Amino acid sequence: MSFQPLRSLAVFATLSAISASTAFAAINLPAYNVDTSQTTVSGLSSGGFMANQLGIAYSSLFKGVGVFAAGPYMCAGLSNYTACMYNASISSTALTNMQNRIDSYSASGAIDNKSNIAGQKVYLFIGTSDTTVGQNPVTALKTQYTNNGVVATNMEHVVRGSAAHTFPTDFDSTGNNACGSAASPYISNCSYDGAKAVLQKFYGTLNPRNNAPAAGNYIEFNQSEFVNTPGMAATGWAYVPANCASGSQCKLHVALHGCQQSTDKIGDKFVKNTGYSRWADTNSIIVLFPQTKIDNTSRSTAASGSLANPNACWDWIGWYGGNFAQKAGTQMAAIKAMVDRVSSGSGGGGGTPALAAPTGVAASNPTDTTMTITWNAVSGADSYNVYRNANKTNALPIMGTSFTDSGLAAATQYSWTVRAADEEGVEGAVSTAALGTTTGSAPPPATCTTASNYAHTTAGRAHQSGGYTYANGSNQNMGLWNVFITTTLKMTGSNYYVIGTCP
């Protein structure tokens, strides 16, 4: 945040504009067939505080709560926010005062009955090198859950060695950092899959993830339909697996970003680079990504004086009313309304689809990165959707009978199917598959080099700026520029390196 003390809280992920080059109008948030007994939430830093607030306020709704680097409920409602960060020790007296608020809010109906908390599954994560929040506030949060009846088997507390204030993954993405780096976009390869860990805590063993979720499964929705107040963006995002969009019953997870991760800061990195959509795609999980926005107006807070919110943080300190942590809180109620909308649909009925499967599906005109898909019109169809390797690839409904699929890998075979849809978007039967292979040559295998950050720069694999080292091409932050920090760089193209390892 721009007010200096909260600047470092900027850690966590935001919902993005999915692609800076993709421009299409937001739609009203659709309704899907959701199993409401499996609705969960997780969040990062300020989003972690918000996830905890939602889980306690709506404890009858959220069956699982995941918190990456955040502290206990109402901490900043009773003390200056600095007492809840920077590895501050939170006393038993302070926890008792917070518990008194939970008790009184529960008794008055301002939050759901606190007895529901005992039945929740809880996942907590903190890195040993996190100096922004630190281990003490997370340990206090664990104590708060224990005091409210969450048993050890339902709670997982992960302390990851050398991890800074960052979202942990086990894969490399353009722009991500080394695990010990607390810098934008605050997503790092820590050889630990945080998205898998939190979802698996809630839902049990997961099917293998899809590392290339279809672009057409991401949707931008009209968030102002639910809230039109300072601090909340006009649009939010969701990831909807193809089977969920077609009427199959699915689970719902809400993923909340943190400060300084708005779309104009890190683009689509929280949605695509954290791994949530990769696991959601193969496990019938819809992921809802609500979105905040910058608010430069100084506002009275619960216990931290008058502050602005220039880093688009979630409200865990009371910018937008004294009821910020209750069901009636502005942001709390807005997210609950989004959850209710997503969950209000029904199944597809299981009968024979009304619309026939398109015939004559063919793949033609291949290039190194594109393929043209054509098919015959279906009587009664209003639009069509194209699926590549079983994943929907078009962002908007296709009004004609052809589609150019792009972003493909060279010298690679793909399979495409097509489904017709009526005016309400209900899809018909799936077509037979058409196979096609792109032109060109497969890229050479990646090569890896492990060396000190200083050696990487002298060898021309990286460069330094402001005392930090950045990989050439991807510009990933490798940490301090010295001979003591060792990093493995993977070359994936001409003078293009990412942090990672080779098979």
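Lys114 is found in the loop between H3 and S3. The model described here is a predicted one. With a relative accessible area of 31%, Lys114 is partly exposed. Residues up to four places away in sequence aside, Lys114 touches Gln99, Ile102, Asp103, Ser106 and Asn148. Tyr58 is 56 residues from Lys114 in sequence, and the C-alpha atoms of the two are 9.3 Å apart in space.

One of the residues that Lys114 touches, Asp103, is also its partner in a salt bridge, in which the closest N and O atoms are 2.6 Å apart. This pair links distant parts of the chain, as Asp103 belongs to helix H3 while Lys114 sits in the loop between H3 and strand S3 (121-127), 11 residues apart. Asp103 has a relative accessibility of 27% and therefore counts as partly exposed.

## A network around Arg209

The count of salt bridges comes to 10. Among them are links that join Asp170, Asp193 and Arg209 in a network.

The side chains of Arg209 and Asp170 meet in a salt bridge with an N to O distance of 2.9 Å. Arg209 is partly exposed at 21% relative accessibility, and Asp170 is partly exposed at 36%.

Arg209 also forms a salt bridge with Asp193, where the closest N and O atoms are 2.7 Å apart. Here too the pair links distant parts of the chain: Arg209 in the loop between H5 and S8, and Asp193 in the loop between S7 and H5, 16 residues apart. Asp193 has a relative accessible area of 8% and is therefore buried.

## Helix H1

Helix H1 spans residues 46-57 and has 12 residues. From its first C-alpha to its last it reaches 16 Å, close to the 16 Å expected at 1.5 Å a residue. The helix is mostly covered, with 12 of its 12 residues buried. The buried residues include Ser46, Phe49, Met50, Asn52, Leu54 and Ile56.

The cover over the buried residues of H1 comes from both strands and helices. Among the strands are S1 (34-44), S2 (64-68) and S10 (250-256). Helices H3 (92-108), H4 (135-147) and H10 (330-342) also contribute to the cover.

## Strand S9 and its partners

Strand S9 covers residues 235-239, and four of its five residues are buried, so the strand is largely enclosed by the rest of the structure. Strand S8 (residues 218-222) pairs with S9 in the antiparallel sense over five bridges. S9 is also joined to strand S11 (residues 285-289) by three bridges, and these two strands run antiparallel.

Trp237 in S9 stands opposite Glu220. Trp237 also stands opposite Phe289 in S11.

## Ser181

Ser181 is placed in the loop between strand S6 (177-178) and strand S7 (187-189). Its relative accessibility is 4%, so Ser181 counts as buried. Apart from its neighbours within four places in sequence, Ser181 is in contact with Ala164, Thr166, Ser188 and Asn477.

## Disulfides

A disulfide is a covalent bond between the sulfur atoms of two cysteines. The structure holds four disulfides, and three of these are described below.

Cys75 and Cys84 form a disulfide in which the sulfur atoms are 2.1 Å apart. The torsion about their S-S bond is about -100°, so this disulfide is left-handed. Cys75 is buried at a relative accessible area of 3%, and Cys84 is buried at 0%. Another disulfide joins Cys244 to Cys250, with an S to S distance of 2.0 Å. Its torsion of -100° about the S-S bond makes the link of Cys244 and Cys250 left-handed, and both cysteines are buried.

The disulfide of Cys259 and Cys313 has its sulfur atoms 2.0 Å apart. This link is right-handed, with 125° about the S-S bond. Cys259 lies in the loop between S10 and helix H7 (263-266) and Cys313 in the loop between strand S13 (306-309) and H10, so the pair ties together parts that are 54 residues apart in sequence. Both Cys259 and Cys313 are buried.

How values were computed: Residues are numbered from 1 along each chain as its sequence is written. This is a predicted model: local features need pLDDT of at least 70, side-chain atom pairs count only at pLDDT 80 or more; totals for chains, interfaces and linings use all residues. Side-chain values use heavy atoms; hydrogens and water are left out. The expected span of a helix is 1.5 Å times one less than its number of residues. Buried means under 20% relative accessible area, exposed over 50%, partly exposed in between (1.4 Å probe, protein chains only). Contact means heavy atoms within 4.5 Å. Two strands pair if DSSP finds at least two bridges between them. A salt bridge is a side-chain nitrogen of Lys or Arg within 4 Å of a carboxyl oxygen of Asp or Glu. A disulfide is a pair of cysteine sulfur atoms within 2.5 Å.
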